[in-house]
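Okay everyone, let's get going.

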Amino acid sequence: MEINQETNNKRAIPVMAFAAGVLIANLYYNQPILKDIALSAHVSDAKIGKISMLAQLGYGLGMFFIIPLGDKLRRKNLILTISSILCVALVGISFTNSYPILCILSFLIGVLTAPVQIILPMTAAISKGNRGKTVGKVFGGILVGMLAARVISGLVADAFGWRYVFLLSAALVFLSIILLKMFLPDIPSNFKGNYLSLLKSTITIIPKYSLLRQAALLGGLTFGIFCSFWTTLTFYLSGAPFQYGSGTIGLLGLVAIGGALVAPYFGKIADNGGAFKSLLLSAGVIMTSIILLKIFPYSPIVMIVSIFFLDIGVQTTQITNFARIYSLPDEVHNRVNTVFMTVYFIGGAIGTFFGLLCWRLGGWQLSTSQMLLWSAGAMSVILISERLNKKRVKSKE
């Protein structure tokens, strides 16, 4: 019986990785096509950029209010129900030209993408032995979804128009629902209190686990850089001297996908106890990539190399953080994930906001300067956290 269950769990992992990638992509389809959407809605670049921010903000809030339910309700039914509503929202956004409705539906799509972060801790729950490696596989699917979204979005928009991007996404989400229905394990809940006590318990675990606080802050900073970069990059490359279309901008996502393919490797490093080394390396790679972008702003080769290593740096940080927080007790995984990912995507929304603000005030140079400031903050969190952890270990001895 245990052998059959283990086999079923192994079969579920690629399905979970695919579904998580399909769902998370909905937060990023809009980035290469912001110019196209702006023309349809008759609004400015700065104004249309807010739909990316609203999607990230909606995702962060959706995680706080929805993900804890994964500890209370049957996770499979919760994922299937929310994903079905997401399909409807995606079809809806493909039929509107109204800027207010675009904002509302973008926020709603962000909220309804939350099941990604129910799937991820389920991966940890069904894979005890190689947790970091298995989580890395599913997170690799998430990262590929995030990056491939830009490629797909740009190409589809160039060929058929931006509306078909969201119609295609609705079809992919529907396919994911069918696959999840067939293969996703039905894991029972273990929280017996009511919804309010569930939310309260989510907040109370923040002061309980210092590791969670450190990982959440670091995740928010690095993802803020990630979102700030990809949002402002669209406007930078669509103007002089590049004058790239949405399809070309989207194709740059292919460069970043290379980094996603090494996700299981970094999960393995964290499993072997090299978390600090992994995090320090990732922060250094991120900082170096941004410095290169500042020094050589007009070099396509430097742009490609920087994109590749920037995404590897961000990926390394998040894979390592996931492996760390899932070492906490199983019964709080969904709530731990809620705290971590809420801060993570609020950091993304703030990064998008400041990226757009700096782009408006000082263009590419000011945008990359604030990214560099965020990367310095991330490096500081890693170094300070390691020092505090060593002091804590010594005091226990």
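**A quick tour**

Let's start with the second largest pocket: 14 residues line it, and those nearest its centre are Phe18, Gly21, Val22, Val144 and Gly145. About 200 Å³ of space lies in there. Before I go on, this is a predicted model, where local features need pLDDT of at least 70, side-chain atom pairs count only at pLDDT 80 or more, and totals for chains, interfaces and linings use all residues. Numbering runs from 1 along each chain as its sequence is written, and side-chain values use heavy atoms, with hydrogens and water left out.

What counts as a pocket? On a 1 Å grid over the protein atoms alone, it's an open set of points with protein on both sides within 12 Å along at least five of seven lines, while a cavity is a set where a 1.4 Å probe fits but cannot get out; lining residues have an atom within 4 Å of a point. Points are joined across faces, edges and corners, and the volume is the space filled by probe spheres set on them.

Back to that pocket. Helix H1 (2-24) and helix H8 (131-160) each supply at least two lining residues, and H8 has the largest share, with 6 residues. Helices here are DSSP runs (H or I, at least four residues), numbered from the N terminus. By class, the lining has 11 nonpolar, 3 polar and no charged residues. Nonpolar here means Ala, Val, Leu, Ile, Met, Phe, Trp, Tyr, Cys and Pro; charged means Asp, Glu, Lys and Arg; the others, Gly among them, are polar.

Now, how many cavities of 30 Å³ or more are there? The count comes to 1. The largest cavity has a volume of about 50 Å³, and its lining is Asn26, Asn30, Ile51, Ala55, Ile93, Ser106, Ile109 and Phe166. H4 and helix H6 (99-112) are the elements giving two or more residues to that lining.

Leu57, Leu61, Phe65, Tyr195 and Leu196 make a nonpolar patch of about 440 Å². The elements giving two or more residues to this patch are helix H4 (50-66) and helix H10 (195-208), and H4 gives the most, with 3 residues. Patch residues have over 30% relative accessible area and no salt bridge, with like charges joined within 9 Å and nonpolar side chains (Val, Leu, Ile, Met, Phe, Trp, Tyr) within 5 Å. Leucine 196, in H10, is exposed at 65% relative accessibility. Exposed is over 50%, buried under 20%, and partly exposed in between (1.4 Å probe, protein chains only).

On to charges. The whole structure has 1 salt bridge, meaning a side-chain nitrogen of Lys or Arg within 4 Å of a carboxyl oxygen of Asp or Glu. Aspartate 186 pairs with arginine 74, with their closest N and O atoms 3.2 Å apart. Aspartate 186 sits in the loop between helix H9 (163-183) and H10, and arginine 74 in the loop between H4 and helix H5 (75-93), so the pair ties together parts that are 112 residues apart in sequence.

Last stop, the backbone. The peptide bond from alanine 240 to proline 241 is cis, with omega near 5°. Proline 241 is in the loop between helix H11 (210-238) and helix H12 (246-251). Glutamine 243 lies in the loop between H11 and H12, and its phi is near 60°, a positive value in a residue other than glycine.

Methods:
Areas by Shrake-Rupley, 256 points an atom, 1.4 Å probe, with all protein chains shown as cover.
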